[in-house]
Amino acid sequence: MERADLHDEYDEDTVFTRTGEFADRDAFTAAGWCAMERALEVVGTRSAMMLVREAFYGGRRFDDLVRRTGLAETAAAKRLRQLVADGLMERRPYREPGARTRHEYVLTERGRSLFPLFVALMNWGSADGGRSGVELAHAGCGETLFPAVRCAAGHDVGIEETEVRLRPGRS
């Protein structure tokens with residue numbers, strides 16, 4: 001397998017080791033098929049992540065989501081429509097006695113799969129020593145949550161042990 005020794009090619013600040021076809025970065029562009037790019041198209045806005053945050057905290061009803069995020073109603077409505085279209089939230093009807101039918105927004109399994117990203121962003125946002133009013137903890141033991149990166153075999157993997165490559169069949 002071809003391997004780029006980035007420490008010789010660039011400097012000690014290079015992060016990932018590129019392997020296989022990915023070793024020659026100038027041979028292709030990631031635009032249009034990069035998984036990070038696709039993810040950011042869905043949740044790469046402040047408003048999207050604020051709405052997802054509130055859904056994780058238990059917010060479901062439109063008025064509550066607007067109030068707690070501080071978003072304008074039109075912006076929240078547009079972003080919620082997009083989160084529903086992208087499969088992260090589901091729109092469910094409810095009706096208070098004597099009132100018209102309204103809708104609440106509930107995380108789908110795809111939305112819940114953002115949990116590790118949510119934990120990572122929370123930790124990263126509080127790491128600067130700034131004030132953070134919320135901490136995520138394990139209900140079983142009370143310890144603070146932290147994100148971890150593991151390979152499919154279950155090994156903890158550090159950044160220095162990470163290789164980047166093209167998926168098989170990708171050209």
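## Fold, pockets and a helix contact

Read along the sequence, the chain follows the pattern α-β-α-α-α-α-β-β-α-α-β, with seven helices and four strands, where helices (H or I, at least four residues) and strands (E, at least two) are DSSP runs numbered from the N terminus. This is a predicted model, in which local features need pLDDT of at least 70 and side-chain atom pairs count only at pLDDT 80 or more, while totals for chains, interfaces and linings use all residues. Residues are numbered from 1 along each chain as its sequence is written, and side-chain values use heavy atoms, with hydrogens and water left out.

Of the 171 residues of the chain, 25% count as buried, a term for under 20% relative accessible area with a 1.4 Å probe and protein chains only. Among the contacts (heavy atoms within 4.5 Å) with a separation of 6 or more, 43% come from residues 24 or more positions apart.

The axes of helix 3 (residues 46–56) and helix 7 (residues 115–126), which are lines fitted to C-alpha atoms over the stretch in contact, come within 11 Å and cross at roughly 105°, on a scale from 0 to 180 degrees between N-to-C directions. Helix 3 is therefore roughly perpendicular to helix 7, a label given to angles of 65 to 115 degrees. Helix 3 contributes M49, R53 and F56 to the contact, and helix 7 contributes F115, L117, F118 and L121. By class, this contact has six nonpolar, no polar and one charged residues, with Ala, Val, Leu, Ile, Met, Phe, Trp, Tyr, Cys and Pro counted as nonpolar, Asp, Glu, Lys and Arg as charged, and the others, Gly among them, as polar.

A pocket is an open set of points on a 1 Å grid over the protein atoms alone where a 1.4 Å probe fits, with protein on both sides within 12 Å along at least five of seven lines, and its lining residues have an atom within 4 Å of a point. A volume is the space filled by probe spheres set on the points.

| Largest | about 580 Å³ | A35, M36, A39, L40 and L117, of 14 |

Helix 2 (35–43) and helix 7 each give two or more residues to the lining of the largest pocket, and helix 2 gives the most, with seven residues. That lining divides into 11 nonpolar, one polar and two charged residues. For the second largest pocket, the elements giving two or more residues are helix 2 and strand 4 (163–164), and helix 2 again gives the most, with three residues. Its lining has nine nonpolar, one polar and five charged residues.

How values were computed. Angles under 35 degrees count as roughly parallel, over 145 as roughly antiparallel, 65 to 115 as roughly perpendicular and the rest as oblique. Buried means under 20% relative accessible area, exposed over 50%, partly exposed in between (1.4 Å probe, protein chains only).
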